[in-house]
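The following paragraphs lead through one predicted model, helix by helix and then through its core and loops. Please keep the sequence and the coordinates at hand while reading.

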Amino acid sequence: MPSPIAHASLALLATPALDRRATLRLWALVAAFLLLPDADIAVGLIASGDGFASHGSWSHSFLLAPIAGVAFALIVRRIADIPAKRAFFAGTALYASHVALDALTLGRGVGMLWPIVPERIESPIHIFSGVRHSEPGNIAAHLRTIAEESVFALWVALIALVLGALRKAPITRGEPAP
Ligand SMILES: [Zn+2]
């Protein structure tokens, strides 16, 4: 799984797209939904004492994304003036983006179609090495992960800057013919 660096960097795109004058609470909510599937670590810790035993399985399903979308829309209406339909699709996309990034990470795959397909499914394409939870002393691997994901985050930030500049650019239309 990638670290929160890669996941949370997508807030740079999502938050301004939802609300140009986004509040700190909206940024925090977007970041929370980008990281929400990893709440299975806390659930695993409480249920079995091992947070990583089933990490990346049931909670990392694309089929849970619309449910997250409903939850996001319900919460967001208390803190921002965003149409419910737009908030629903945003919340669904935030959750699904986490599943997609994890699926594109070298590892055990994710339960992307749980509960229809309970087994983990691994993508043939990997763009991240991921966090080695089982190798806390492997400093070289951790540094590589930080480097890879920082490059990804910078790339996302660049796209966010370009999109922001395009939105601010005045709309120029041709002068009407006399
Ligand atoms: Zn995850």
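H7 is hardly covered, with 2 buried residues among its 30. A residue counts as buried if 20 or more other C-beta atoms lie within 10 Å of its own, as exposed if 12 or fewer do, and as partly exposed in between, the C-beta atoms being placed from the backbone. Helices (H or I, at least four residues) and strands (E, at least two) are DSSP runs, numbered from the N terminus. From its first C-alpha to its last, H7 reaches 43 Å, close to the 44 Å expected at 1.5 Å a residue; the expected span is 1.5 Å times one less than the number of residues.

This is a predicted model, in which local features need pLDDT of at least 70 and side-chain atom pairs count only at pLDDT 80 or more, whereas totals for chains, interfaces and linings use all residues. Residues are numbered from 1 along each chain as its sequence is written.

The chain as a whole contains 7 helices and 0 strands, and its pattern along the sequence reads α-α-α-α-α-α-α. Its C-alpha trace spans about 75 × 35 × 30 Å along the principal axes. Of the 178 residues, 30% count as buried. Two residues are in contact if their C-beta atoms, placed from the backbone, lie within 7 Å. Among the contacts between residues at least 6 apart in sequence, 56% join residues at least 24 apart.

The largest nonpolar core has 27 residues, and those touching the most other members are Ala 14, Val 30, Phe 33, Ala 68, Phe 72, Leu 94 and Tyr 95. Such a core is a set of buried Ala, Val, Leu, Ile, Met, Phe, Trp, Tyr and Cys residues joined through C-beta atoms within 7 Å. At least two residues of this core come from each of helix H2 (11-18), helix H3 (24-35), helix H5 (65-79) and helix H6 (84-103). The most is given by H6, with 8 residues. Within H2, the buried residues are Ala 11, Leu 12, Ala 14, Thr 15 and Leu 18. Their cover includes helix H1 (4-9), H3, H6 and helix H7 (139-168).

How are H3 and H5 arranged relative to each other? They pack at an angle of about 170°, with their axes 11 Å apart; the axes are lines fitted to C-alpha atoms, for helices over the stretch in contact, and angles run from 0 to 180 degrees between N-to-C directions. H3 and H5 are therefore roughly antiparallel, since angles over 145 degrees count as such, those under 35 as roughly parallel, those from 65 to 115 as roughly perpendicular and the rest as oblique. H3 makes this contact through Arg 25, Leu 26, Leu 29 and Phe 33, and H5 through Ala 68, Phe 72, Ile 75, Val 76 and Ile 79. By class, the contact has 8 nonpolar, no polar and 1 charged residues; Ala, Val, Leu, Ile, Met, Phe, Trp, Tyr, Cys and Pro count as nonpolar, Asp, Glu, Lys and Arg as charged, and the others, Gly among them, as polar. Leaving aside neighbours within four places in sequence, Phe 33 is in contact with Ala 68, Phe 72, Gly 91, Leu 94 and Tyr 95.

Gly 69 lies in helix H5 and counts as buried because it has 22 C-beta neighbours inside 10 Å. Beyond four places in sequence, Gly 69 is in contact with Phe 88, Phe 89, Gly 91 and Thr 92. Ala 93, in helix H6, is 24 residues from Gly 69 in sequence and 7.6 Å from it in space, C-alpha to C-alpha. Ala 93 has 19 C-beta neighbours inside 10 Å and so counts as partly exposed.

Is Phe 128 buried or exposed? With 21 C-beta neighbours inside 10 Å, Phe 128 counts as buried. Not counting residues up to four places away in sequence, Phe 128 touches Pro 2, Ala 6, Leu 104, Thr 105, Leu 106, Glu 148 and Glu 149. Asp 50, found in the loop between helix H4 (40-48) and H5, counts as exposed because it has 11 C-beta neighbours inside 10 Å.
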